[in-house]
Structure formats: C-alpha cells, structure tokens
Amino acid sequence: MKKITVALLMATALTFSGCNTTDKEDDIISGSNPTEQELANEPVFTVVDQQPEFPGGVQAMYRFLGENIRYPAEASKDNIQGKVFLTFVIGSNGKVRNVEVLQGVHSSLDAEAKRVVNTMPKWTPGKKDGKNVAVKYNLPISFKLE
C-alpha cells in the first residue's frame with residue numbers, strides 16, 4: 001500500500017482592508033454573548049492588529065491537520081495529488097465558519113480538506129483596536145502520495 005503524506009503550507013491571512021464598522025457592529029463585536037445570527041453578520045476583516053491563532057500555534061495546526069486528514073480512497077486509487085486552497089473566517093468567538101474552496105484539485109480532496117478545517121477547535125480570535133473581530137484566513141493544503 002502506498003504511503004500517504006499530507007503536506008501543509010503556512011497559512012496566511014488576506015491583506016485587503018476596507019471594513020468600517022458602525023456602532024451596531026461594534027456592539028456585536030464587543031458584546032459578551034452575541035447570538036449565532038449576530039456572529040454570522042459581523043464584519044469580516046482582512047487586516048488586523050493581531051492575527052487569529054490556532055490553539056498551540058502553527059505547529060499544532062500542522063499536527064491537527066496531519067492527524068485528522070484521511071486521503072480519500074478514490075483519489076489514492078486514481079493517483080490524484082495537488083494543493084487545495086481554502087478560505088474561511090475565524091469569528092470573533094474563535095470558531096471556524098464559512099469554509100470554501102478557492103482552488104480545488106478533485107472533489108474528494110476538496111471535500112476532505114473542508115471537512116477537516118470545519119472540525120478545527122476554537123482559535124484565539126484576531127484583534128483590531130483591542131477588540132476580538134472576525135478575520136478572513138487562507139490555508140493551502142497539499143495532498144501528496146508517496
């Protein structure tokens with residue numbers, strides 16, 4: 001049986017700005033217990049003072065992905081390899097949401113990458129002006145058979 005390696009690349013946040021908040025949005029961000037609806041409607045930033053962080057840091061994220069990604073049998077059988085580019089939001093509460101494929105390789109690899117990112121634990125949220133905010137995050141995941 002082929003050895004399977006999942007190589008992970010450094011995740012980077014997008015660097016586009018332009019999100020201005022209103023007083024109502026500030027209340028959502030700083031509120032102690034925002035509802036899921038409020039969180040879904042919170043402004044999403046791409047430039048922040050402090051980036052969100054996976055619990056334990058980047059190496060812990062690599063370990064989490066490596067331990068949880070399962071190479072799809074169909075892709076393995078057909079020797080399909082490549083890099084799936086995902087984008088998602090780390091909410092002001094630290095939860096991952098809105099996981100989307102920016103550039104896929106194959107439907108089975110794309111689905112597996114999305115599945116695993118959706119199971120990530122809460123992150124330390126990003127901060128802007130001292131407040132927790134939602135941040136757009138990009139993550140490339142390489143699937144490689146050896």
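A: At 38% relative accessibility, Q50 counts as partly exposed. Buried means under 20% relative accessible area, exposed means over 50%, and partly exposed lies in between (1.4 Å probe, protein chains only). This is a predicted model: local features need pLDDT of at least 70, side-chain atom pairs count only at pLDDT 80 or more, and totals for chains, interfaces and linings use all residues. Residues are numbered from 1 along each chain as its sequence is written, and side-chain values use heavy atoms, with hydrogens and water left out.

Where is Q50? It sits in the loop between β3 (44-45) and α3. Helices (H or I, at least four residues) and strands (E, at least two) are DSSP runs, numbered from the N terminus. Leave out residues up to four places away in sequence, and Q50 touches G126 and K127. Contact means heavy atoms within 4.5 Å. Q50 also pairs up with N132 across the sequence: the two are 82 residues apart along it, yet 9.3 Å apart in space, C-alpha to C-alpha.

G130 belongs to the loop between β6 (126-128) and β7. G130 is exposed, with a relative accessible area of 63%.

Now follow the loop of Q50 to the helix at its other end. The loop runs between β3 and α3. Helix α3 covers residues 58-68, helix α5 covers residues 107-118, and their axes come within 10 Å and cross at roughly 125 degrees. Two packed helices are described by the angle between their axes and the distance between the axes. Axes are lines fitted to C-alpha atoms, for helices over the stretch in contact, and angles run from 0 to 180 degrees between N-to-C directions. α3 and α5 are therefore oblique to each other. Angles under 35 degrees count as roughly parallel, over 145 as roughly antiparallel, 65 to 115 as roughly perpendicular, and the rest as oblique.

The crossing of α3 and α5 is right-handed. That label applies if the near helix is turned clockwise from the far one by less than a right angle; anticlockwise is left-handed. Which residues make the contact? On α3 they are F64, L65 and N68, and on α5 they are E112, R115 and V116. By class, that gives three nonpolar, one polar and two charged residues. Here Ala, Val, Leu, Ile, Met, Phe, Trp, Tyr, Cys and Pro count as nonpolar, Asp, Glu, Lys and Arg as charged, and the others, Gly among them, as polar.

Stay with α5. It has 12 residues and reaches 16 Å from first C-alpha to last, close to the 16 Å expected at 1.5 Å a residue. The expected span is 1.5 Å times one less than the number of residues. Its buried residues are S108, L109, D110, E112, A113, V116 and V117. What covers them includes α3, α4 (73-77), β4 (82-90), β5 (96-103) and β7 (131-145).

β5 deserves a look of its own. L102 is in this strand. At 53% relative accessibility, L102 counts as exposed. Beyond its neighbours within four places in sequence, L102 is in contact with F85, L86, T87 and N138. L102 and L139 are 37 residues apart along the chain, and their C-alpha atoms are separated by 9.6 Å.

Most residues other than glycine have a negative phi. N98 has a positive phi of about 55 degrees, although it is not a glycine. N79, in the loop between α4 and β4, also has a positive phi, near 55 degrees. N98 counts as partly exposed at 47% relative accessibility, and N79 does at 42%.

Finally, step back. The protein has five helices and seven strands. Along the sequence they follow the pattern β-β-α-α-β-α-α-β-β-α-β-β. Of the 146 residues, 42% count as buried. Among contacts between residues at least 6 apart in sequence, 79% join residues at least 24 apart.
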